[in-house]
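Me: I'm new to reading protein models. Could you walk me through a few features, one at a time?

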Amino acid sequence: MDCATTARRLPRNFGRALIWIYRHTLSPLVGYNCRHLPTCSVYGDEAIERFGLWAGGWMTLARLLRCQPWGTSGIDNVPAVKPPGAQWYLPWRYGRWRGVNDT
């Protein structure tokens, strides 16, 4: 990879590093309580890897907010493509705020 590619991937790698730190520090203390498959940290890691820190971060936030006692449960994979209408200046459109896997 050249320097430009490495620089563009810095935010993405930073987000993934935070998830890695969570997995190896707090997650073992909290225990396995995720209501979805894959787990929220795996979902976040994949979303950030696939779509970058901005879009993947919003997708992860929406997933975390769905993972609560009255929220959804079940198989909930990261979408293969960005949701229609999602733009950097409309970040809430990246997230799926209700339900699991529309497709």
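Me: Let's start with Thr39: is it buried or exposed?

Reply: Keep in mind that we're looking at a predicted model. The idea is to look at relative accessible area, and under 20% means buried. Thr39 comes in at 19%, so it counts as buried.

Me: Where does Thr39 sit, and which residues does it touch?

Reply: You'll find Thr39 in the loop between strand 1 (36-37) and helix 3 (40-66). Leaving out residues up to four places away in sequence, Thr39 touches Tyr32, Cys34 and Arg63.

Me: Okay, now the surface. Which residues make the nonpolar patch?

Reply: Phe14, Leu18, Trp20, Ile21 and Leu53 make a nonpolar surface patch of about 510 Å². Helix 1 (residues 3-24) gives the largest share of that patch, with four residues.

Me: What about aromatic rings: how many aromatic pairs does the structure hold?

Reply: Two. One is Trp54 with Trp58, an edge-to-face pair with 6.0 Å from centre to centre and 70 degrees between the planes. Trp54 and Trp58 are four residues apart in helix 3, so about one helical turn separates them. Trp54 is partly exposed at 46%, and Trp58 is partly exposed at 24%. Trp88 and Tyr89 also form an edge-to-face pair, at 5.6 Å centre to centre with 90 degrees between the planes. Trp88 has 62% relative accessibility, so it counts as exposed.

Me: Last topic, salt bridges. How many salt bridges does a search of the whole structure find?

Reply: The general idea is that side chains of opposite charge can pair when their charged atoms come close. In this structure, the search finds eight salt bridges.

Me: Which other salt bridge does Glu49 form?

Reply: The side chain of Glu49 also meets that of Arg16, at 2.8 Å from N to O. Here too distant parts of the chain are linked: Arg16 is in helix 1, 33 residues from Glu49 in helix 3. As for accessibility, Glu49 is partly exposed at 29%, and Arg16 is partly exposed at 28%.

Me: And how far apart are the closest N and O atoms of Arg66 and Asp76?

Reply: They're 2.1 Å apart, and the two residues form a salt bridge. Arg66 is in helix 3 and Asp76 is in the segment after strand 2 (74-75), ten residues apart. Arg66 is buried, with a relative accessible area of 2%, and Asp76 is buried with 0%.

Definitions and conventions:
Residues numbered from 1 in each chain as written. Predicted model: local features only at pLDDT ≥ 70, side-chain atom pairs only at ≥ 80, totals over all residues. Heavy atoms only, no water. Helix = DSSP H or I, 4+ residues; strand = E, 2+ residues; numbered from the N terminus. Buried < 20%, exposed > 50% of the residue type's maximum accessible area, 1.4 Å probe, protein only. Contact = heavy atoms within 4.5 Å. Patch = residues over 30% accessible without salt bridge, like charges linked within 9 Å, V, L, I, M, F, W, Y side chains within 5 Å. Areas by Shrake-Rupley, 256 points an atom, 1.4 Å probe, with all protein chains shown as cover. Salt bridge = Lys/Arg side-chain N within 4 Å of Asp/Glu carboxyl O. Phe/Tyr/Trp six-rings, centres within 6.5 Å; stacked < 30°, edge-to-face > 60°.
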